[in-house]
Amino acid sequence: NSDGVCTTADCTRSASRLIENMDPNVDPCDNFYEYACGGWLKKNIIPETSSRYSTFDILRDELEVVLKGVLERSVAGEASALTKAKTLYRSCTNESQIENRGGAPLLDMLHDVFEWPIATDNWETVYGTTWKLEDAIARLNEKYGTQVLVNFFIGTDDKDSNSHIIHVGQTSLGLLSRDYYACTGPYEEPCRAYEQFMIDVAKLIRTDRNLVVNETHIREDVARVLGLEKEIANATDTPEDRNNPVLQYNKMNLGVLNANFSLEVDTKALYGTTSEAAVWRQCAIYVNNNMDNAVGRLYVEEAFSGESKELMIAAIREVFIDNLDHLDWMDAETKKAAEEKAQAIRERIGYSENIKNDTYLNNEYKDLNYTADEYFENILTNLEHVQKKRLRKLRVKCETPYCVILRWVTGAAIVNAFYSSSKNQIVFPAGILQPPFFGKGQTKSLNFGGIGMVIGHEITHGFDDNGRNYDKDGDLKDWWTPSSTQKFVELSKCMVDQYGSFSWDLANGLNLNGNNTLGENIADNGGIRQSYRAYLNYVEKNGNEPLLPGIALNHQQLFFLNFAQVWCGTHRPEHAVNSIKVDVHSPGKFRVLGSLQNFPEFAKAFNCPKNSNMRPEKTCQVW
Ligand SMILES: CC(=O)N[C@@H](CC(=O)O)C(=O)NC[C@H](CC1(C(=O)N[C@@H](Cc2ccc(O)cc2)C(=O)O)CCCC1)C(=O)O
Ligand SMILES: [Zn+2]
């Protein structure tokens, strides 16, 4: 309106959200995270059902409410795929039927996986004489999609991204990461709970089978199981080694594989939660994970406005490419290859058109049939179906049209975004294309601070310590000159030290792992710089935007405020202790502090004095 203030409903909604979440009494140049999220942290507590709680989690909770609505609604004449999703959902929420059936379905299944010695009698005589590890591993893998001892799956050949090969690697363990098997300090309680969990399940099954329950024997057997798992954990790679795709690439043919590697394996404790999420939530998530295109269709029709197809990707890609000229550490030859790779990045926004096509959708689920009163069997159906689909990929050539365009790495009802190094592709599912990330009615400063930064983050993944090993076609080919590689490593080291010096109070004061989080930190820093530059370009071209009501900040400042509020959140200590080990992302607080301390434009926007906490002497920059 006349005095340059936007008073539309969307502007009013954005303004009130920003005001509610911030704490204006904090000096933005001292701690911008507290300034941006202080209000949020005072008003939000972590629900008993969650181990962490943040802006992202709230959006995911809201999305689950939408899924509940569409999965409970019967629609005459709908595509069969949609009816199947609703049947699966109903079988999952049918608690009384599940209760009535008790452990019977599980008892019937155990025979198929050669039984569990602790939960049966005379296993040695019935199974022991013929039992072979390879048979157990193969059966659990191909029929139950469970990786035991050895994780093999079909995936693209890193050095020929158009073909599929069998990947053989280490499995995930029963506990959340190899560090837990020390069973000391913060890991003592999780270990005890894990052991107790195995004991309880063994007792339950033996009781259901009217077998004698000798707790001492069970405890001894379970102790041996945990002992074996400890040995397996010690044999696994550390996260650092796993993050290096060149180290991980050891292709060999089956003959060599057989010759060299013949196979002669309380809930609070883990996540800090004290109660499980509501059954309908667990079921909505389960159905979404197992029928992502059917659920994606329901979600998109119900809640996705769709006009965000013309996202700011072109503008941010252009900034990334223009920025290459200003990098004095990269030589011309490597810059040229980087530009080609950036130009080649494919983008997928919202959802795949295919999910709108009933024939396509029904065909995807044609072999899947569920019954409304046999949830356990429905799960086994899914496990077998998914595994067969995965293994079948081996013989499918991954020609460009199929591999890249049709197969998305994710469903639409997902609040997240992705970069695929083997496809050199960025994906923004419908679930993330909503406020605070993006809204047609939001000012561009908020959109660039939200989804703009995410776009830059995903693009920069193609050039972080992991993604940079792949060329524009997604093949593991070195396109760097040795001198540019050396410079990249030096500049990255600055961030390894910077983020590695952050101590996280929620994780007993442990310091972040600057190596494990390097890729994400490079992506965050690149994303914020590119999206800010893109916003300034936008303003140069289109003029200043009207301000927001009730908040005395200009749009450069609002850009940073909205970026920071995306990362408002907090963790339970149990979760913090886990995520600091296994999450490749830094905790939200440090994603904000670390990237803005490295960005002089932030200090300029808030007139931060030299050497204030948000304007340190030493800064890091890669892209
Ligand atoms: C193939 C794959 O899966 N790649 C892994 C990374 C890897 O394994 O290499 C991965 O996560 N990729 C997604 C992720 C997306 C973004 C992110 O940060 N997403 C948070 C969201 C969150 C945060 C707090 C919270 O409480 C709940 C959710 C997250 O997913 O944690 C979205 C904004 C920018 C980056 C990215 O691009 O890094
Ligand atoms: Zn990332």
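Helix α22 supplies four residues to the shell around ligand 1, the largest share; helices here are DSSP runs of H or I with at least four residues, strands are E runs of at least two, and both are numbered from the N terminus. This is a predicted model, in which local features need pLDDT of at least 70, side-chain atom pairs count only at pLDDT 80 or more, and totals for chains, interfaces and linings use all residues. Residues are numbered from 1 along each chain as its sequence is written, chains are lettered from A and ligands numbered from 1 in the order in which they are written, and side-chain values use heavy atoms, without hydrogens and water.

Ligand 1 is surrounded by 17 residues, counted when a heavy atom lies within 4 Å. The closest are S54, D57, E458, H585 and R591. Polar contacts (pairs of N or O atoms within 3.5 Å) can be followed here too: an oxygen atom of ligand 1 lies 2.8 Å from an N or O atom in the side chain of S54, and one is 2.9 Å from such an atom of E520. The protein buries 74% of the 760 Å² that ligand 1 exposes when taken alone, by the Shrake-Rupley method with a 1.4 Å probe.

E520 also coordinates the zinc ion (ligand 2), together with H457 and H461, at 1.9 to 2.8 Å; donors are N, O and S atoms within 2.8 Å of the metal (3.2 Å for Na, K and Ca), and sites may look incomplete because water is not among the atoms. H457 and H461 are separated by about one helical turn, because they are four residues apart in α22 (residues 444-461).

Terms used
Polar contact = N/O pair within 3.5 Å; in protein donor to acceptor, adjacent residues only side chain to side chain.
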